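Student: Before we look at the model, could you take me through it by question and answer, setting out the terms as we go?

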Amino acid sequence: MTMTETAPNASGYKDFSVGGFTFSRDEYFVTVTWPTGSHQMDIVQWLRCVQRDVAWEFFYGIINFDEVIGTMNHYGNVDMFAGRFNEAYRRAEVDYNENFDHDELLGCFKAMLSDWTNEGYDPFAAPMETGSAYGTSQGDNDKAVTRKRVVAERMVSVPGDEPIRSDESGFPINRAFADVHQDEPVITAEPGYEDQVCSFSLYAYLSRSDVTWNPSVVSACKESLYCPTTEEFILPVIHGNDRVEWFVQLSDEIQWDVEDRDTGAKRARVVMKAGDVAAMPADIRHQGYAPKRSMLLVWENGSPRIPEMIANGEAPVRPVDF
Amino acid sequence: MPEQYTTVFGSLGQYEKGGVEVINDNPKHYAFSNMFEVASGAKPYEKVAVAKNLEYVLEVIRAEGTSEWRATPHDEFALVVDGSLEIELLDPTQPLVDQDASGSVGIDGEPAGSPMGRVQAGRGHMTLLPAGKAYRFHSDGVAVVLLQTIEGPDTVFRWADICQTV
């Protein structure tokens, strides 16, 4: 199975196909077809979702682009589906699922993102910080869509690991965090221990993030990963969990819609303010809304044992029982 | 009109807690708590778990006065979310904790070893507590620390007290 692409259409964009799926875009929309149906989405929403799926390499669990289309990561291979987690599609038996090699679907998405993202539009940016995605094909923004996701091995600022951010390294303070103090901790290391006495300002680091809704690893305690991110506007994807995930609201506020992972039925709204901690159970899907850019600490367990535990039903659905 | 934003960080003295608005679920499934509320009701240097994922935990620590020395078998990370904190690091002469253990252990008295240095950390500052080393905290006032670690002998679980239940 291989990806194919066509010559540019009337709007200047290539069509892509992989397996039974075809993808085409025009000035406003993406149209997706599969053997049992078709679907359209706003191209802005589509690009914002594909960008996260590419950057996260399909992340943990399910990435719903909307109530119909999405991907499910099996860590080495990945499903692309239509209607699989939509009760009406399933009942009508028009849902569709196809499994792909991880690199094959990722390659298709990367090619699509490069061809369909116009100059001046950044799918990672908040709407007020980027140009328009609409219209006929105009140049590209490969610099933005191929950003490297930060993955610290030990901790940001540790010698040899990911560096802190600065004006000089191309990370100015975001407009919404202009009031965040930029002072760094005072470190006094004895001779010989300069590489082991390490500390940095996480808040200053996050205030200089140039992306939204993009958890990146800043510290790792074995498989326990701190993945903070800055959030503004709407999480474009509806994230379906395959494991328990935790949120620590470091600043400001995010409101989450929580639905049943498999049916989409509403289960709860979770309002998180600065200092709040909440788990997302392993059987839900969630989408967040941040009216002002905020700092969210996403805490993940990146253990390679978890997919097997999921398959065996050994991974807990709820974070704790009490 | 130029954009002007105020970033809201909570503190022990001023925080506003959100919550779970249930539609068809049990609020306990979200283990919803607030770090500052937990620290408000904690004893100095009590290690109260506010998040747990298999063996891994996040602990809230109310830092007040000087802590005991603790030795950690693996890296831990201390994020100050309120107040000011001094962190002292020590390279022990002899191993103080089994390297295969989980979570830090308290050390009686002053362990022998070489001073590694110290960090003066304020709100938002994150510090590496290196594997195999010892550390102690000091705060002239009250600080709140979120510790990324593994469940250990001193981790305190009191979910029913700290989490939203209805």
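Tutor: A residue is called buried under 20% relative accessible area, exposed over 50% and partly exposed in between, using a 1.4 Å probe and protein chains only. This is a predicted model, in which local features need pLDDT of at least 70, side-chain atom pairs count only at pLDDT 80 or more, and totals for chains, interfaces and linings use all residues. Residues are numbered from 1 along each chain as its sequence is written, chains are lettered from A and ligands numbered from 1 in the order in which they are written, and side-chain values use heavy atoms, with hydrogens and water left out.

Student: Is A:Arg84 buried, exposed or partly exposed?

Tutor: A:Arg84 meets A:Asp79 in a salt bridge of 2.7 Å, N to O, the term meaning a side-chain nitrogen of Lys or Arg within 4 Å of a carboxyl oxygen of Asp or Glu. A:Asp79 is buried, with a relative accessible area of 6%. For A:Arg84 the relative accessible area is 23%, so by the cut-offs this residue counts as partly exposed.

Student: How many residues apart are A:Arg147 and A:Asp210, which pair across distant parts of the chain?

Tutor: The closest N and O atoms of A:Arg147 and A:Asp210 are 3.2 Å apart, and the two form a salt bridge. A:Arg147 lies in the loop between helix H4 (142-145) and strand E10 (186-189) of chain A, and A:Asp210 in the loop between helix H5 (202-207) and strand E12 (219-221), where helices (H or I, at least four residues) and strands (E, at least two) are DSSP runs numbered from the N terminus. A:Arg147 is partly exposed at 25% relative accessible area, as is A:Asp210 at 31%.

Student: Which parts of chain A does the ring pair of A:Phe65 and A:Phe109 tie together?

Tutor: There are 23 aromatic pairs over all chains, counted when ring centres of Phe, Tyr or Trp (its six-membered ring) lie within 6.5 Å, with planes under 30 degrees apart called stacked, over 60 edge-to-face and the rest tilted. A:Phe65 and A:Phe109 form a tilted pair, at 6.2 Å centre to centre and 45° between the planes. Both residues are buried. Their positions are 44 residues apart in sequence, so the pair ties together the loop between strand E6 (62-64) and strand E7 (69-73) and helix H3 (residues 102-116).

Student: Which ring has the charged end of A:Arg165 at 3.9 Å from its centre?

Tutor: A charge sits over a ring if NZ of Lys or CZ of Arg is within 6 Å of the ring centre and within 35 degrees of the ring normal. A:Arg165 lies over the face of A:Phe171, at 5.3 Å from the ring centre. The ring whose centre is 3.9 Å from the charged end of A:Arg165 is that of A:Tyr205.

Student: How many salt bridges cross the interface of chain A and chain B?

Tutor: The contact (heavy atoms within 4.5 Å) takes in 71 residues of chain A and 70 of chain B. The two chains bury about 6,000 Å² between them, 60% of it on carbon and sulfur atoms, buried area being the accessible area (1.4 Å probe) that two parts lose on being put together, summed over both. One of the salt bridges joins A:Arg154 and B:Asp75 at 2.6 Å, N to O, and the count across this interface is 5.

Student: In which strand of chain A does A:Arg267, the partner of B:Asp25, lie?

Tutor: The closest N and O atoms of B:Asp25 and A:Arg267 are 2.9 Å apart in their salt bridge. B:Asp25 lies in the loop between strand E1 (19-22) and strand E2 (33-34) of chain B, so the pair joins two chains. Both residues are buried, and A:Arg267 belongs to strand E17.

Student: Which side chain makes a polar contact of 2.7 Å with that of B:Ser104?

Tutor: B:Ser104 lies in the loop between strand E7 (85-92) and strand E8 (105-107) of chain B, and is buried at 2% relative accessible area. Its side chain makes a polar contact of 3.5 Å with that of B:Tyr135, the term meaning a pair of N or O atoms within 3.5 Å, where within protein one must be able to donate a hydrogen and the other to accept it, and residues adjacent in sequence count only if both atoms are side-chain atoms. The partner of B:Ser104 at 2.7 Å is B:Arg70.
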